[in-house]
Amino acid sequence: YMDPQDPTREPLLVKADYFSADLKRQLAAVGGKPATIVQGKNLISGGVIYFDQNGEAAKVEGPGTLVFHTKSDLSGNTLKAARPLKVTWQKSMLYHGNLGLGTFQGDVDLRSAGELMQCQTLKLNFQADDQAKRKDRVSRRSLGLGLDTYSKRSLSSLEATGGMAGGELVLMRSTKFSTVNTDWLSQRMELRGKTVFYEAASGNVRVTGKGSFLAEDYRKPLVKAKKPAATAATTAPAAPVGAMGGQSLQRPGQTLFYWTKSMLLRQTARTVHMEGAATMVHRSGAKVREIPGLTHEPWGTLPAGRMSNLRSETMDASFDAAPPEVASKTKPVAKKPAAKKSGSSLEGGFGWGALREFRASRDVTVTDGPYHVSGQRVHFSSTTQDLFIWGFLPGGERTNARVSYENKTTGQANSWESPTIRWNMKSNNVEVDAVQGGGGM
């Protein structure tokens, strides 16, 4: 089918067993095993496909496939060039251009370049179309689906529920491979949740019910450009090896967040809020767990790395922006950790940088190498390198918090207990109700 009003448009090709149309009402239906409609690089197929020209709508009953090209990714970011987006489903699909709505039912599988989403139900809302242009566009057609208009709509929000094949959780995954060898996985981000809602304008992701967020970075350790030697006046005292915040959480790295009630991720503000048995686990350097079947670039000798674990009922974490890559011919970072600026480079697949601050409350435990912290509230600031621990909640009975350390080599152990504890990780001083403590470390 060629649009007589606009011969420059891509022709519409229909392959079907039957075709029925009501030209007056601008309605049509095609059926086949399956029926297929192609317009340029866009495609829709299914057992029965219904058109509504006036609403710029299409409906498919039963399993089907939709392919169109888009200049925005699932996060709403504008792409340099349009890329294909393919959606398959097992029950039904409805796209309504006039309402800016798309719904997919039954084992929905969406793929676009390195992005993947799998769920039971998917609802897409698109940004409002110019109604005057839409009305003129529709009125100039005698009959045609206008499948090419799908590629011209920008995503406004996305809501997904349930998992495929009877699974409970939605799966969203984004992967990036090395430009040197496309078999090498560089970074991967994976989000799972019972219900996932994404708002493109704000970049916020909200998950209701239990879920997890995994960020993996399998690139080799950063290569740093040479810096002038520090003078005695500018050299900060080195943090103790293994102290939280005292070493870089170097790549490669794996970071897992888990919760049982809800999660809110604000991409612009770079914050995460979790409720319900909130957990953060991080591995880096030589502590990274190798995954069978996963290939990555050669790492060479890795730094000792970290393994940290934080658990609490609620948790808030904020991050700095990721630092730009430094192109340098210098050698990789030395094995021995050197004095660093405040902060830990918690760099995951989601493009965030150093951990700036975290707050946790209710039954808090933190384990980082030989260090163990327990209390009811914890606040860490990378700016000051202070870790505050309270053994009680506001308004509650003053019970003790606890910090302990065990030297694996000597077997020597130290611990502090107090309702309030301030631990400065730069100087390695511990204040217990205004009494200095430390030593044996």
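By salt bridge I mean a side-chain nitrogen of Lys or Arg within 4 Å of a carboxyl oxygen of Asp or Glu. What you see is a predicted model, where local features need pLDDT of at least 70, side-chain atom pairs count only at pLDDT 80 or more, and totals for chains, interfaces and linings use all residues. Residues are numbered from 1 along each chain as its sequence is written, and side-chain values use heavy atoms, with hydrogens and water left out.

Searching the whole structure gives 14 salt bridges. One of them joins R306 and D368, at 2.9 Å from N to O. R306 is in the loop between β16 (271–284) and β17 (307–321), while D368 is in strand β18 (residues 352–368), so this contact ties together parts 62 residues apart in sequence. Strands here are DSSP runs of E, at least two residues, numbered from the N terminus. Is R306 buried or exposed? R306 counts as buried, at 4% relative accessibility, and D368 counts as buried at 2%. The cut-offs are under 20% relative accessible area for buried, over 50% for exposed, and partly exposed in between, with a 1.4 Å probe and protein chains only.

E216 and R188 also form a salt bridge, 2.6 Å from N to O. E216 belongs to strand β13 (residues 204–217) and R188 to strand β12 (residues 185–199), so the parts tied together are 28 residues apart in sequence. Both E216 and R188 are buried.

For E417 and R402, the closest N and O atoms of the salt bridge are 3.0 Å apart. Here E417 is partly exposed at 48%, and R402 is partly exposed at 32%. Salt bridges also link E168, K194 and K210 in a network.

Now the rings. Rings of Phe, Tyr and Trp (its six-membered ring) pair if their centres lie within 6.5 Å; planes under 30 degrees apart are stacked, over 60 edge-to-face, and the rest tilted. There are eight aromatic pairs in the structure. In one, Y95 and F126 have ring centres 5.9 Å apart and planes at 70 degrees, so they are edge-to-face. Y95 is buried at 5% relative accessibility, and F126 is buried at 12%.

Y371 and Y405 are a tilted pair, because their planes are at 40 degrees, with centres 4.8 Å apart. Y371 sits in strand β19 (residues 371–381) and Y405 in strand β21 (residues 401–406), 34 residues apart. Together with W423, Y371 and Y405 form one aromatic cluster.

Conventions: Helices (H or I, at least four residues) and strands (E, at least two) are DSSP runs, numbered from the N terminus.
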